Amino acid sequence: MKKILIVASSLDGYIAQTKEQNSTVWTSAEDRQWFNKLSRQIGTLLMGSTTYRTIGRPLPGRKTIIYTSKPEDFPQATALNEFFSETEKQLFVSGKMPLAELMQTLHEKTLPEIAICGGAHLYQQALQEKLVDEIYLTLEPVFFGDGVKLFNQAMFTRCQVLEKIELSAQTSVWHLKLA
């Protein structure tokens, strides 16, 4: 299973001005179209509960897995077997299950790809645990100066640039493979 991290960032390394802010407030129309196309192609999204709340609903045409330590906050959760057998079902997963174990379970379900879509804590954890194969990093020409940092802890991760995709004269996506 290919694990793909998808993130939009300001030039100074922030993914939002506040943790409640939806990225569609500050990202370009081109990035929103890119995310929609790429995430539909991948088909299954993994995100933390705060990121899910900023979106406020399941995204059409994609399955959503919410990684949370409070699954009771999501009573509409679907069991794992229902998640894979029905087209528009969601799965809410306890954060008490280690992330690596969740990824292994999804791999065993023959899921070909999964998109890790935020937030900062999940991005950091997935990279630190070496659970990411590729990254699509959209750089938007804005500075926040403060807000939700892409990474909150020091780390060193080397990447290989696979391609640079120009969405517009203003917005580019760096497609990276972890080295």
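Predicted model: local features only at pLDDT ≥ 70, side-chain atom pairs only at ≥ 80, totals over all residues.
Me: Is helix 5 enclosed or open, and how do I tell?

Reply: Start with the cut-offs: buried means under 20% relative accessible area, exposed over 50%, and partly exposed in between (1.4 Å probe, protein chains only). Helices (H or I, at least four residues) and strands (E, at least two) are DSSP runs, numbered from the N terminus. Helix 5 spans residues 120-128, and seven of its nine residues are buried, so the rest of the structure largely encloses it. The buried ones are A120, L122, Y123, Q124, Q125, A126 and L127. Just after the helix, K130 has a positive phi of about 55 degrees.

Me: Which residues touch the most other members of the largest nonpolar core?

Reply: In soluble globular proteins, nonpolar side chains tend to be buried together. A nonpolar core here is a set of buried Ala, Val, Leu, Ile, Met, Phe, Trp, Tyr and Cys residues joined through side-chain atoms within 4.5 Å. The largest one has 27 residues, and L46, L99 and I135 touch the most other members. Helix 5 gives this core its largest share, five residues. There's also a second, separate core of 17 residues, with I6, L38, M47 and Y52 among them.

Me: What is L99 in contact with, beyond its sequence neighbours?

Reply: Contact means heavy atoms within 4.5 Å. Leaving aside neighbours within four places in sequence, L99 is in contact with L46, Y67, L122, Q125, A126, E129 and L131.

Me: How many salt bridges does a search of the whole structure find?

Reply: The rule is a side-chain nitrogen of Lys or Arg within 4 Å of a carboxyl oxygen of Asp or Glu. The search finds four. One of them joins E134 and K2 (3.4 Å, N to O). E134 sits in strand 7 and K2 in strand 1, so this pair ties together parts 132 residues apart in sequence. E134 is buried at 11% relative accessible area, while K2 is partly exposed at 32%.

Me: Which side chain does K3 meet in a salt bridge?

Reply: K3 meets D133 (3.5 Å, N to O). D133 lies in the loop between helix 5 and strand 7 and K3 in strand 1, so the pair ties together parts 130 residues apart in sequence. D133 is partly exposed at 30%, and K3 is buried at 15%.

How values were computed. Residues numbered from 1 in each chain as written. Heavy atoms only, no water.
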